[in-house]
Amino acid sequence: MNQNASLSAPPRRTRGIVLLGLAVLGLAGAVFIVRRPLMMSAPRCMAGRWHGCLDTFNGVVLMTLVTLPLAVLVVWALARRRRAAGVASAWRMSLAEVGMVHGTVPFLWLTLMPGAGVGTAPPRVSLVPLRDLVTMGPLGIVGNLLVFAPLGFFAPMRFAAAASVPRILALGAGCSALVETAQYVLRLDRVTSVDDVLVNAVGAVLAALASRRWWRTAAEAPSDRPRPAPAPAG
């Protein structure tokens with residue numbers, strides 16, 4: 001059994017290295033594609049100016065990429081602390097927690113970004129299902145699918161109570177309904193649409209299905225309590 005375990009360790013390590021390499025290449029490719037818009041907003045963001053940085057799509061994307069190393073450092077610190085305490089699946093739990101926050105907050109910021117008529121334009125509400133899908137367009141649909149995709153991907157990995165498709169659907173729909181309500185109450189010159197809630201919830205479910213193979217960890221380690229030490233023999 002020890003020989004089999006030692007033989008299976010290198011393939012797992014190799015697979016992890018390959019996946020990490022693909023992730024780095026994918027991130028580098030994405031940065032290469034959007035490099036020009038990001039560089040246009042970089043001077044204002046680096047100078048700490050609100051206008052032209054955090055109130056634009058390019059600025060939010062740039063700051064998300066800039067803070068990515070900090071998010072990785074937080075994952076490492078949390079995982080190291082948990083491993084020292086004997087917590088099972090320390091790395092996966094830490095990655096799930098940071099991934100939910102770092103992946104969801106930028107999309108929420110973009111969703112709550114005010115329009116040109118903020119505070120003056122009357123609130124617009126669309127409660128007819130599927131009516132706004134035509135006006136969204138492919139880019140709008142993809143954007144709405146991604147809003148709560150990080151939450152749907154990582155939440156079942158971290159919380160055993162969320163490790164089911166109906167619960168993720170309810171979580172995505174509930175969070176989206178709160179965002180749409182905030183848009184209406186704050187009069188952000190955005191359309192409060194039931195289709196946004198539907199597409200956001202579907203995006204959360206699709207992301208959850210993509211991480212379903214890792215839900216097992218959430219069921220095995222539903223809390224941060226360290227594993228009990230084995231009782232002494234005899």
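This report walks through the fold, the nonpolar cores and a surface patch of a predicted model.

## Overall layout

We're looking at a chain with ten helices and two strands. Going along the sequence, the order is α-α-α-α-α-β-α-α-α-β-α-α.

The chain has 234 residues, and 33% of them count as buried. If you take contacts between residues at least 6 apart in sequence, 73% of those join residues at least 24 apart.

## Inside: the nonpolar cores

The largest nonpolar core has 15 residues, and the members touching the most others are Met 100, Phe 148, Leu 151, Phe 154, Ala 155, Met 157 and Ile 168. Helices H5 (90-111), H7 (149-158), H8 (165-186) and H9 (194-210) each give two or more residues to this core. H7 has the largest share, at four residues.

Ala 155 is a handy place to look around: setting aside neighbours within four places in sequence, Ala 155 is in contact with Met 100, Ala 162, Ile 168 and Leu 171. Apart from this core lies another one, made of five residues, including Leu 38, Cys 45, Cys 53 and Leu 62.

## Outside: a nonpolar patch

On the surface, Leu 70, Leu 73, Val 74, Trp 76 and Trp 91 form a nonpolar patch, together showing about 500 Å² of accessible area. Helix H4 (residues 68-84) gives the most to this patch, with four residues.

Val 74 sits in helix H4. With a relative accessible area of 37%, Val 74 counts as partly exposed, since that class lies between 20% and 50%.

Notes:
Residues are numbered from 1 along each chain as its sequence is written. This is a predicted model: local features need pLDDT of at least 70, side-chain atom pairs count only at pLDDT 80 or more; totals for chains, interfaces and linings use all residues. Side-chain values use heavy atoms; hydrogens and water are left out. A nonpolar core is a set of buried Ala, Val, Leu, Ile, Met, Phe, Trp, Tyr and Cys residues joined through side-chain atoms within 4.5 Å. Buried means under 20% relative accessible area, exposed over 50%, partly exposed in between (1.4 Å probe, protein chains only). Contact means heavy atoms within 4.5 Å. Patches are made of residues with over 30% relative accessible area and no salt bridge: like charges are joined within 9 Å, nonpolar side chains (Val, Leu, Ile, Met, Phe, Trp, Tyr) within 5 Å. Accessible areas come from the Shrake-Rupley method with a 1.4 Å probe; for residues, only the protein chains shown count as cover. A salt bridge is a side-chain nitrogen of Lys or Arg within 4 Å of a carboxyl oxygen of Asp or Glu.
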